[in-house]
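Welcome, and thanks for taking a look at this structure.

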Amino acid sequence: MFSTDPVIMLLILGLPFLAALLAPTAVRIFGALAGWLLAAFPAIIFLQILGLSDVISAGGAVRGGVEWVPSLNVELSYLFDGLSFVFGLLVTGIGTLVVIYAGGYLKGHPQQGRFFSFLFLFMGAMLGLVAADNLYALFVLWEMTSITSFLLIGFGNQRAASRRAALQALIITGGGGLILMAGIVTLHMITGEASLTGVLASGDVLRESPLYLLAFLLVLGGCFTKSAQFPLHFWLPNAMEAPTPVSAYLHSATMVKAGVYLLMRLNPVMGETALWETVLPIFGGTTLLVGTFLAVRQTDLKLMLAYTTVASLGLLVMLTGWGTEKAIEGAVLYLVAHSLFKGCLFMVAGTIDHEAGTRDVTKLAGLRKVMPITFVAACLAALSMGGLPFFYGFMAKEEMYYGLLGADWSFLILAVAILGNALMLVIGAAVALKPMLGDKPDHLSKAHEGPAALWLGPIVLSVLGVIGALFSGATHELISSPMASAVYGEAVSVKILGFPTYWSTPLALSIVTIALGIALFTQIDRLRAVMTSLLNTIGWGPDKGFDQAVTGLVRLAHGITSSLQTGRLETYMVVTFVFVALCLWVPLTLGGEMPDWPVFAALQFHVWAIIALAVVGLIAVVNAKSRLNAIISLGIQGFAVALIFMLFGAPDLSFTQFMVETLSVVILALAMTKLSLTPSDHRGWGQFVLDGSIALACGAGLTIVLIAATAGPFNTNLSEFFTEYSRIIAHGRNIVNVIIVDYRGTDTLGEIGVVVITGLAIHALIRIRAAKVRAVEGDEAAADLADNGLPADLTAQTEGAR
Amino acid sequence: MQTLLLRTVAPYFTALMVLFSIFILLRGHNEPGGGFIGGLLAASAFAIFGIAAGVSAVRRALRFHPLSIAGFGLFLGTVAGIPSLFAGVPFMTGLWVYPVIGGIEIPLSTVLVFDIGVYLVVVGSVTSIALALEEGERR
């Protein structure tokens, strides 16, 4: 549509972010119309990507980009080949319909603008993820989809379940993303390439590398968490807490397929190894079965769909791992078919929920007459999900059976696939038919067809599922063949028709699947009862395991914190100063760098007098009975040191020492008066000797280090440089100041930042304590502040310090 | 510690100390001094004024919350680095101008702005801590 100049292309790919910025204002101004208007953004991108079809169909790829952080090999580059082309179309195409749908679904919601912003942020991230050529850009966008998914799942943040689901999804997918980052670094290390283009062109380098296993495991860690593979599948059903447009978009059609996308993307260079062909089918097959079984048990429309999404993702991983040409074609066909029918069914479930007020399948019936358009869409989608002829799902099922035939383990894997597909048909039929057929109960008397925004999406997606199968030649030329070629690594041409024309084994298997599915559907209530009792018998699931793990982690952290942070100031002081003494002594003794006793120059009388002053101060500190006396005596010693600095030519240092000394006396006195000024040295002799030894060790250590440091020849390079240039370059004669504000200005900037933060922290600590004091005096509001503003262990700590 | 003598002398004393601290700050580039020392000096002035006349008097006299002053100092310190970006030199490179005002050439620089930022940060943070402690003591 527009030019494919890299900059224009990047700007168009970035349009969702602009939409995210504009959405709240658009909702405020246009109200219910905003959904229709905002849908123009993804629609434009859809058309732009569709415009690349000539190149893609011919087996080519479109690349481009700009540099981002060249020193780290990070660039904003995009790669559109068959795989990312199809994903791009799905993200923007379904995105357009979901935005329209959300406009109707959340009509009048006070935070609809925010919702649209989150949705567009996700769209931008997801589109970037599938379009990204650079591995690091891919990672950044991958994590961004996790974060935006967190925001969307937690959209109804007043509900605890919603918050928990959001956090759970973030921990699992975000954590998986971190594993993936390690995987990406490994890929980069092995191949020396930071772009997918480069990695894909590296041939057998990855497979033959000794680090293959590591890269494989790390990539899998990212993909399996994102694509909800068993046993990390549980976050996906929980994510159904999100508003239905989100479930339709993120948690069925797009985001959860990111893991599958990456596996497919890397299949040409990482696939075809024994590891790949064993691990992926095992995990995928298990996920397929677990997902479908758990789906049968549910009565909530969205949860039924969510578990079949888990199952479908398992099926996709299984097929990708199986890796034969036909299996890949089956995966590719199924991925598109799934996005179409599952996106549709989720929107149908949302519409039913929205118009009938419940999505419990046992309470719904007879809606076909009042919701005719939704009914048609639901039926078409369910038939595609069941894999009946003349539907997209049929092509996918036939092709995957072709692909799974004829290997050693075919029997087993086919059994898994057939059972999974049959159960998928059961759920599809249950979701589409149960609420629609039969007599309408009284409590649904107000149910009616939704507005156009709510039925447009379902009907478009379900009809596409039919058209795609009827005109299979065009579908394959535009979608299937280029995508399968990109995943398989060689040019392949998908031929399968949308309806059977001759007898074949896969057709027989299809018939078995459908017959089995229909048979099971008639027994769905009994199946549900069996599954429920089975799960009750087991009683434990990964979802509970997640809670236990989180609780355990919190306990562990709390245990470590409370054993390290005892809240006793004395312990802190002892640990700190013992460590200081070790730092001073250990390198000296182990390194054999004990200095010789130096020859001191003869000192003049007044210098001796000042030293004597310092010593008097010290003796006074040690002997002082009251704390105030001790603080002031410490001041005497400090001023004496400042005088010494002055005498030996360091006026700046001396000046600072004077000020610091004054202020520390003032502040220490203030702090001590807050604590207690009465003499309360409760230490016994043993403790006294121990503390004294630590103090002496620190003092003597520092002295020896200083002697050692000054014993060596003094390197005058720096001081000569500063003396010579501070006037010329920095226009200042005070070298110290010139260093602070000019030569090392950026350091100082960081330091004053630290000073401000320290000031804030101390201020807050004192304030909290003051609030607690008021609380003791009966100020209820302050008591609340003190209690809520401070975790329990921290309270204990401040009390301990008192 | 609110003796009559101290309370009478404190305002003049504080004013002198603050004035001196600004002098120290401004001369710092060539003579001993600078933002850090100046800041400490001013902070001790406020602390002493607080001891003598009470915290609320200091807060009134300062007009702004000490931490706001510290925050503004940090802002100033950061802003001082920005002109260098437009001059095409690395961040925080000092830039100088020499306007002649009333026949006297006055050297001004981003470095001076930065030093004033340091001064304000130190004054603000230390005064904030000292005042908060003094306030607690008086309860």
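## A first look

Phe390(A) is partly exposed, as it has 17 other C-beta atoms within 10 Å. The model you are looking at is a predicted one.

- You will find Phe390(A) in the loop between helix H19 (372-386) and helix H20 (392-404) of chain A.
- Arg63(B) sits in the loop that runs between helix H3 (55-62) and helix H4 (66-79) of chain B.
- Arg63(B) counts as exposed because it has 8 C-beta neighbours inside 10 Å, and 12 or fewer is the cut-off for that class.
- As background, most residues other than glycine have a negative phi, and most peptide bonds are trans.
- The peptide bond that leads from Phe230(A) to Pro231(A) is cis, and its omega is near 5°.
- Pro231(A) belongs to the loop between helix H12 (212-226) and helix H13 (235-238) of chain A.

**Two helices of chain A**

- H12(A), with 15 residues, reaches 21 Å from its first C-alpha to its last, close to the 21 Å expected at 1.5 Å a residue.
- The buried residues of H12(A) include Phe216(A), Leu220(A), Cys223(A) and Lys226(A).
- These buried residues of H12(A) pack against four helices of chain A: helix H9 (160-191), helix H11 (205-208), helix H15 (258-270) and helix H16 (274-297).
- After H12(A) comes Ala228(A), which has a positive phi near 50°.
- Helix H8 (residues 135-153) of chain A has 19 residues, and its reach from first C-alpha to last is 27 Å, close to the 27 Å expected at 1.5 Å a residue.
- Of the 19 residues of H8(A), 16 are buried, so this helix is largely enclosed by the rest of the structure.

**Nonpolar cores**

- The largest nonpolar core has 209 residues, and those that touch the most other members are Leu119(A), Leu152(A), Leu345(A), Ala381(A) and Val431(A).
- Helix H18 (residues 325-356) of chain A gives the largest share of this core, 19 residues.
- Leaving aside neighbours within four places in sequence, Leu345(A) is in contact with Leu305(A), Ala378(A), Ala381(A) and Val431(A).
- Another core, of 62 residues, lies apart from the largest one, and among its members are Ala640(A), Ala730(A), Ile752(A) and Leu41(B).

**Chain B as a whole**

- Chain B contains six helices and four strands, and their order along the sequence is α-α-α-α-α-β-β-β-β-α.
- Along the principal axes, the C-alpha atoms of chain B fill a box of roughly 55 × 30 × 25 Å.
- Chain B has 139 residues, and 45% of them are buried.
- Where contacts in chain B join residues at least 6 apart in sequence, 69% of them join residues at least 24 apart.

- The 19 residues of H2(B) should span 27 Å at 1.5 Å a residue, and the end C-alpha atoms are 26 Å apart, which agrees.
- H2(B) is largely enclosed by the rest of the structure, because 18 of its 19 residues are buried.
- Gly54(B) follows H2(B), and its phi is positive, near 95°.
- Helix H2 (residues 35-53) of chain B packs with H3(B) at an angle of about 135°, and their axes are 7 Å apart.
- That angle makes H2(B) oblique to H3(B).
- On the H2(B) side, the contact is made by Phe46(B), Phe49(B), Gly50(B) and Ala53(B), while H3(B) brings Val55(B), Ala57(B) and Val58(B).
- Sorted by class, this contact of H2(B) with H3(B) has six nonpolar residues, one polar and no charged ones.

**Where the two chains meet**

- The contact takes 41 residues from chain A and 46 residues from chain B.
- On the side of chain A that touches chain B, the elements giving two or more residues are helix H30 (651-675), helix H33 (735-743) and helix H34 (745-776).
- H34(A) supplies the largest share of that side, 17 residues.
- The residues on that side of chain A divide into 22 nonpolar, 14 polar and five charged.

Technical notes: Residues are numbered from 1 along each chain as its sequence is written. Chains are lettered from A and ligands numbered from 1 in the order in which they are written. This is a predicted model: local features need pLDDT of at least 70, side-chain atom pairs count only at pLDDT 80 or more; totals for chains, interfaces and linings use all residues. A residue is buried if 20 or more other C-beta atoms lie within 10 Å of its own, exposed if 12 or fewer, and partly exposed in between; C-beta atoms are placed from the backbone. Axes are lines fitted to C-alpha atoms, for helices over the stretch in contact, and angles run from 0 to 180 degrees between N-to-C directions. Angles under 35 degrees count as roughly parallel, over 145 as roughly antiparallel, 65 to 115 as roughly perpendicular and the rest as oblique. Two residues are in contact if their C-beta atoms, placed from the backbone, lie within 7 Å. Ala, Val, Leu, Ile, Met, Phe, Trp, Tyr, Cys and Pro count as nonpolar, Asp, Glu, Lys and Arg as charged, and the others, Gly among them, as polar. A nonpolar core is a set of buried Ala, Val, Leu, Ile, Met, Phe, Trp, Tyr and Cys residues joined through C-beta atoms within 7 Å. The expected span of a helix is 1.5 Å times one less than its number of residues.
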